[in-house]
Amino acid sequence: MHSSIYYPEEDSYLLSEILKKEIKEIKGKTKEKDISVLEIGSGSGIQLETLRKLGIKNITGSDINKKSIQHCKSLGFQCIKSNLFSNIKKSYDLIIFNPPYLPNNKSEPNESKIATTGGKNGSEIINKFLTQAKNHLNKNGKILLITSSLTKSIKWGNWKNKIIARKKLFFEELYLWELKDK
Ligand SMILES: C[S@@+](CC[C@H](N)C(=O)[O-])C[C@H]1O[C@@H](n2cnc3c(N)ncnc32)[C@H](O)[C@@H]1O
């Protein structure tokens, strides 16, 4: 069974909008050096495009879905097939992830589950990400992560977390978290 590419939704636009603000802020602080950015789960490449438009050169995309990899490569991006960090070797200044955050729902088609559904509580993929990301973030780096009010049992571990943007939708509220090492 082939999974389809996730085309931009409200969560994508929320991340993209805040990403623009964050990059402008980071660039203001670190004028000389280009920052390195990793996206886990690049999907259609919307966040990669946002980064490219902002002049970021050191961009790495990744996804578990082969179709997304092919698509992002066709847009000219470096994109690695990886289950979370399984094939990621380096560390980055900024890591972004708009993950599958919804609890399992029987009516969701299998084809789109890979992009939307994060296990029974919605947090399975997120919790693995939170553990693995520790080894891939540079000193003073940060993570931008989307979750939903429907996502249950997130294990934040030692991450210092704060919500920097939110968006109310019909059935849920989306949260955009900034995470830093304690
Ligand atoms: C909600 S979509 C977000 C896509 C895009 N970044 C955006 O903002 O529109 C989640 C993406 O994560 C990918 N994904 C799901 N599980 C993954 C995993 N374990 N490792 C890497 N990518 C994963 C999906 O294939 C999908 O492209």
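Modeller: Begin with the ligand: 25 residues surround it, and the closest are Ser12, Gly41, Gly43, Asn65 and Asn98. A residue is near a molecule if its C-beta atom, placed from the backbone, lies within 6 Å of it. The elements that give two or more residues to this shell are H1, helix H2 (46-53) and helix H4 (110-116). This is a predicted model, in which local features need pLDDT of at least 70 and side-chain atom pairs count only at pLDDT 80 or more, while totals for chains, interfaces and linings use all residues. Residues are numbered from 1 along each chain as its sequence is written.

Biologist: Which element gives the most to the shell around the ligand?

Modeller: Helices (H or I, at least four residues) and strands (E, at least two) are DSSP runs, numbered from the N terminus. Here H1 contributes the most to the shell, with three residues.

Biologist: How do the residues of the shell divide into nonpolar, polar and charged?

Modeller: Ala, Val, Leu, Ile, Met, Phe, Trp, Tyr, Cys and Pro count as nonpolar, Asp, Glu, Lys and Arg as charged, and the others, Gly among them, as polar. By that scheme the shell has twelve nonpolar, eleven polar and two charged residues.

Biologist: Take Gly41 from that list. Is Gly41 buried or exposed?

Modeller: A residue is buried if 20 or more other C-beta atoms lie within 10 Å of its own, exposed if 12 or fewer, and partly exposed in between; the C-beta atoms are placed from the backbone. Gly41 has 24 C-beta neighbours inside 10 Å, so it counts as buried. Gly41 sits in the loop between strand E1 (36-40) and H2.

Biologist: With which residues is Gly41 in contact, leaving aside its neighbours within four places in sequence?

Modeller: Two residues are in contact if their C-beta atoms, placed from the backbone, lie within 7 Å. With those neighbours set aside, Gly41 is in contact with Asp63, Phe97, Asn98 and Pro99. A C-alpha separation can be read as well: Gly41 and Tyr6 are 35 residues apart along the chain, with 9.5 Å between their C-alpha atoms.

Biologist: Now the fold. How many helices and strands does the protein chain have?

Modeller: The chain has five helices and seven strands. From the N terminus on, these run α-β-α-β-α-β-β-α-α-β-β-β. The radius of gyration, taken over C-alpha atoms, is compared with the globule rule, 2.2 Å times the number of residues to the power 0.38. It is 15 Å for this chain, close to the 16 Å that the rule gives for 182 residues, so the chain is as compact as a globular protein of that length. Of the 182 residues, 35% count as buried. Among contacts between residues at least 6 apart in sequence, 62% join residues at least 24 apart.

Biologist: In what order do the strands form the sheet?

Modeller: Two strands pair if DSSP finds at least two bridges between them. Seven strands form an open sheet in the order E3-E2-E1-E4-E5-E7-E6, with mixed pairing. The edge strands, each pairing on one side only, are E3 (79-81) and E6 (159-168).

Biologist: In which sense do E4 and E5 pair?

Modeller: E4 (residues 92-97) and E5 (residues 137-148) pair in the parallel sense over five bridges, and Ile96 has Leu144 in E5 as its bridge partner. By contrast, E5 and E7 run antiparallel and are joined by six bridges, with Tyr175 in E7 as the partner of Thr147. E6 and E7 also pair in the antiparallel sense, over nine bridges, and a hairpin joins E6 to E7 through four residues.

Biologist: Where do the helices lie on the sheet?

Modeller: Axes are lines fitted to C-alpha atoms, for helices over the stretch in contact, and angles run from 0 to 180 degrees between N-to-C directions. Helix H1 (residues 10-29) lies across E4, E5, E6 and strand E7 (173-181), at about 150 degrees to E5. Helix H3 (residues 66-74) lies across strand E2 (58-63) and E3, at about 165 degrees to E3.

Biologist: What should I look for in the backbone angles?

Modeller: Most residues other than glycine have a negative phi. Asn140, which is not a glycine, has a positive phi of about 65 degrees. Asn140 lies in strand E5 and is exposed, with 10 other C-beta atoms within 10 Å.
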